[in-house]
Amino acid sequence: MILRATDLGKDYPIRGSRRPLRALAGVSLELDRGETLGIVGESGCGKSTLARVLVGLERPTTGTVEFDGADLSRLSGARLRAHRRRIQMVFQDPYASLDPRQRVGAAIAEVLRVHRLDGRVDELLAMVGLAPAYAARYPHELSGGQRQRVSIARALAAEPAVLILDEAVSALDVSVRAEVMNLLVRLRDELGLGYVFISHDLSMVRHISTRIAVMYLGRVVELGPWDSVLGDPLHPYTDALRLTMPVPDPELASRQIDVPIRGEVPNPAAPPGGCPFHPRCPLAESVCREQRPHLLELHDGHLAACHVAARRAAATAA
Amino acid sequence: MSEALLEVRDLEVGLDRRRGVPIVRQVSFDVAPGEAVGIVGETGSGKTLSMLAVMGLLPPTVRRTGGQIRFEGLDLGALRPRELRRLRGRELAMVYQDPATSLNPLMTIGDQIEEALSAHGVRRAQARPRVHEALAQVGIPDPERTARAYPHQFSGGMRQRAMIATALVLSPKLLIADEPTTALDVTIQQQILALVRRLQDETGMAIVWITHDLGVVARLVDRVVVMYAGHVVEQAPTRELFRRPQHPYTAGLLASLPNPLDPSRPPLAQIAGTPPDATQAPAGCPFHDRCPQAIERCVSERPPLTARAGGSAAACWVPPGEWR
């Protein structure tokens, strides 16, 4: 276990309101070395807040983040920095995360210098498949895919154990996305990195993940091995998301939009009572409007927060 | 296809300030009445500019430098601006990716739809009921109340529904949609696709859906036009395109998508290199420098779009039977 989040919560105050916006509530996750935990969900589900809390850009309101067995909230100074360095983040837009006036080589060298590491720029470029000559280029002289490779090289310069990838391939053109995905898989397997791969695109999450967590309105509603979660989803929300993955068969694909899920994601500042998904859920019963379902292990390593799924699992077991 | 609703022939669009450096070249395709056509391409492929040229709404830095656009046989290039304006909205309408920038933030949703009606001579007394009808048609609840709301009071999905209501209020024969679901959440995207398909069934309008997303294409359209670096490289019925792609670029795009039906999750197929800047498209076939099938001829000679089996057409010197 390299990274463990326990009961994470994150509140943001809302001006003029006594009730805060609860961006994360009771999120517990674990990540092993060499493993990819996929996080999927729509806007307002808390996936980007989770990324920022895991990497230390935000302090959680409740709960803890442990890295390599150490509770990060109890560390400070050099020890905290040394641990934080091992969790790096790659953002969606490499344009925004690279300084336009800084050459690629200088951007990577800066990371090495700040952390007093003895990595080499040309080796880091080679790891992400870029020739040494790219060190002299500016970000605007690169294509979108090359810029994302540079962002990854910069993250790798810090010698991380964990990469938090927040929509890291979402802005790339289709023909470029495949090569960055393949690069990520290769680096993970060669370096034994742990990934938290966050995306709204379930087909990319499916492609790379060992396990998948589905989030809705700040909570994990389903969690398990990728093939169980997508092959045999327990939560009706996961079932709906599954139909958003494009299949390369037009007849099957056109049936995917026959029965779209109704409604929209509610305002996270005023989430519905009971199960947060109940207003959109095709299976909702009266209990769903009244009680919030707990995230329970219903099958081996496969958890869901759904009253109906829990009852069905109990009936099968009996 | 002699009964085309829209006929685009050898369309060329060029940069105005650089003596018409072409960025869209020899683009030809038809749209039949009631048909749904997808125009697929990556950034810079010219897919949006081609359709803005059809609408007569090209940005000031570019202009149409050649070709013909006919709508119901009428040459749009020969129309006066006033005549073209009358046609837009009534006969052809367009919705954009970002409804936040195409809706007026200072006007209520209802007033904006009403404005579209009055611009085309519908009287105020008759307009309001049609506004409410249009909002109800796109699945916006409580139309009488929501018509009085401002765009910022709407969610992204509701704004896109309102955009579609505005576009459809005059019952156009052709709706051009430029990635209108790209910025939306995936479940809302499904809803909008289902909505558009229902409206198409109900009204019999034709659709041109501009997208980079082959998933959208597979779900919604009858026929696909694939663009690359300002050129049409393939045209095919949707089913043919997915089963038997005729151009190596199309084949590469399809192979680069993860297949959710494949439990083995093989590495994704990559297309070498990066998409070119259309103003600097290489000589010969625009795809030759990235193409795994390229032969010597591809470097020097541009392949024309030629008919293939199954109703497809492709611009490639190397037929799939000879692919390595």
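A residue counts as buried if 20 or more other C-beta atoms lie within 10 Å of its own, as exposed if 12 or fewer do, and as partly exposed in between, with C-beta atoms placed from the backbone. The structure discussed here is a predicted model, in which local features need pLDDT of at least 70 and side-chain atom pairs count only at pLDDT 80 or more, while totals for chains, interfaces and linings use all residues. Residues are numbered from 1 along each chain as its sequence is written, and chains are lettered from A and ligands numbered from 1 in the order in which they are written.

Chain B contains twelve helices and twelve strands; helices (H or I, at least four residues) and strands (E, at least two) are DSSP runs numbered from the N terminus. The C-alpha atoms of chain B occupy a box of roughly 65 × 50 × 35 Å along the principal axes. Of the 324 residues in chain B, 48% are buried.

Helix 11 of chain B (residues 248-256) is largely enclosed by the rest of the structure, because seven of its nine residues are buried. These are B:Pro248, B:Tyr249, B:Thr250, B:Ala251, B:Gly252, B:Leu253 and B:Ser256. Within chain B, they pack against helix 9 (214-220), strand 9 (223-228), strand 10 (231-237) and helix 10 (238-243), and they also pack against helix 7 of chain A.

That last partner leads to the interface. In total, 38 residues of chain A are in contact with 40 residues of chain B, contact being defined by C-beta atoms, placed from the backbone, within 7 Å. On the side of chain A that touches chain B, helix 7 (174-191), helix 8 (202-208), helix 10 (236-242) and helix 11 (250-256) of chain A each supply at least two residues. Helix 7 of chain A provides the largest share, nine residues. By class, this side of chain A has 19 nonpolar, eleven polar and eight charged residues; Ala, Val, Leu, Ile, Met, Phe, Trp, Tyr, Cys and Pro count as nonpolar, Asp, Glu, Lys and Arg as charged, and the others, Gly among them, as polar.

In helix 4 of chain A, A:Val104, A:Ala107, A:Ile108, A:Val111 and A:Leu112 meet A:Val150, A:Ala153, A:Arg154 and A:Ala157 in helix 6 of chain A. This contact has eight nonpolar, no polar and one charged residues.

Key. Two residues are in contact if their C-beta atoms, placed from the backbone, lie within 7 Å.
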